[in-house]
Amino acid sequence: MDAIREKSRKKGDPLERIDVLATGHKCASCGNEIAERFSATYQGDILCWECAIDQESTTKNGVEHTTDPAKVVLSESGLYHKSLCDYVINVATGCSHGCKFCYVPSTPNITARQDMLSEQASVSDGQTDWGSYLLYRDDLPERLARKLGRKQKWKTTNRGRGVVMISSGTDCYQDRRAAQITRGCIIELISRGFPVRILTRSPAVARDIDVFQRGIELSEKRDGELIRVGSSIPCLDDKQVKAIEPGAPPPSARLEALRKISQAGIPVYVSMSPTYPTQTYEEFDNLIEEFANLDAEVVFQEPINPRGGNFQMTIKAAEEAGKDHLADELKKISNDREYWVKYSIQQMQWAEELGAKHDVDVHVWPDKQVIKSVGESQAKSLKEQRTAVSPENIADPSLPS
Ligand code: SF4
Ligand SMILES: [Zn+2]
């Protein structure tokens, strides 16, 4: 499997890829031809579906790896509210970065799939064990190709603009196997004229610059680009970030990767999210200046949100990492709603002010509860920000909506 995907990568045109379902490959375990769904072993050997879902999971660095039995390929998404996309593709279930504040483990994608997680990867609690399991969807590019071939309608809202985001529920470049699935999906989408938004915390994204550049070439006759690449960079203090994003690469490496991608002519953006209550105006100033130097199309900004079951885990992780100031501030916003509202509004104001100073577009994501907690005129302006369209110049998708 790994060899096939790497061979695809080395073909002349980055958009040429080997479609496993069309090439008569055999299962490494039973020898049957791969005709429908398939997956792989941790070592990269291709498996037919029956053998794939029967295999034991493999543990590496405390993370259980196996096959995801999910049927879903492309899902409609509510992230148009953030002006991000209308569809999402997730290349896996679980995420080895294990960010403590991550909202994904408290969504039905995890909570409603506890039996599957126990059976496939011996996960006893999908929420508390977040970060310790990763179930891949290896055949996603092949299934996506067939799905797009049949698709008659394409959802295009004015804020989502028909964009497909990869990924919202996992990190699409967290390792080589996830990156191979991601690359295949991008190729299938851009070669059919569907706009793609990449969001990752992994610098490995820079390995796919060749595909992104082909996406830009394909955009030439369109009013906007088919591809944009972003990274989550809330703060440039690697140690502070490590405390609550324990498995993710350092933000300084994310910034470097985005710089490379931007220098290669690809539109980039930053998700400055979630920012911490310990961050100062000076830190914001430096960060936003760095993002302006990247020539980012937009900086999305969002203060950390103390709601949700995982926030206490975030506080605990900061304490365990010896980040007492961070832990204390997180406790304060968790215990004192007014303090949280005040901090949120202040950081969003800083971000906008500094965006103007450094000449980079800032698009803030005010929380609904924050809007409810302020006076009428401030609520009105926050609502306007919440319903704004990001300034990115995105190509229209090929299909009519
Ligand atoms: S990288 Fe994203 S999906 Fe993965 S744990 Fe962190 S926030 Fe969640
Ligand atoms: Zn088999």
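## Reading helix packing, sheet order and a ligand shell

Modeller: Helix 10 and helix 13 are oblique to each other. Keep in mind that the model is predicted.

Colleague: At roughly what angle do the axes of helix 10 and helix 13 cross?

Modeller: At roughly 45°. Helix 10 spans residues 281-293 and helix 13 spans residues 337-358. Their axes come within 9 Å. Angles under 35 degrees count as roughly parallel, and 65 to 115 as roughly perpendicular. The label for helix 10 and helix 13 is therefore oblique.

Colleague: Is the crossing of helix 10 and helix 13 left-handed or right-handed?

Modeller: Right-handed. Next, look at the contact. Helix 10 brings Y281, F284, D285, I288, E289 and A292. Helix 13 answers with W350, A351, L354, G355 and H358. By class, this contact of helix 10 with helix 13 holds 7 nonpolar, 2 polar and 2 charged residues.

Colleague: Now helix 11 and helix 12. At about what angle do they pack?

Modeller: About 160°, with the axes 8 Å apart. Helix 11 covers residues 311-320, and helix 12 covers residues 324-335. The cut-off for roughly antiparallel is over 145. So helix 11 is roughly antiparallel to helix 12. Their crossing is left-handed.

Colleague: Which residues make the contact of helix 11 and helix 12?

Modeller: F311, T314, I315, A318 and E319 come from helix 11. L326, A327, L330, K331 and S334 come from helix 12.

Colleague: How many bridges join strand 6 to strand 9?

Modeller: 3 bridges, and the two strands run parallel. Strand 6 is residues 87-89, and strand 9 is residues 164-166. For one pair, take Y87: its bridge partner in strand 9 is V164.

Colleague: Last one. Which residues surround ligand 1?

Modeller: List the shell, then sort by class. Ligand 1 is surrounded by C95, H97, G98, C99, C102, V104, G169, T170, D171, R201 and A248. The shell divides into 5 nonpolar, 4 polar and 2 charged residues.

How values were computed
Residues numbered from 1 in each chain as written. Chains lettered and ligands numbered in written order. Predicted model: local features only at pLDDT ≥ 70, side-chain atom pairs only at ≥ 80, totals over all residues. Axes fitted to C-alpha atoms, helices over the stretch in contact; angles between N-to-C directions. Helix = DSSP H or I, 4+ residues; strand = E, 2+ residues; numbered from the N terminus. Left-handed = near helix turned anticlockwise from the far one by under 90°. Contact = placed C-beta atoms within 7 Å. Nonpolar A, V, L, I, M, F, W, Y, C, P; charged D, E, K, R; others polar. Near = placed C-beta within 6 Å. Pairing = 2+ DSSP bridges.
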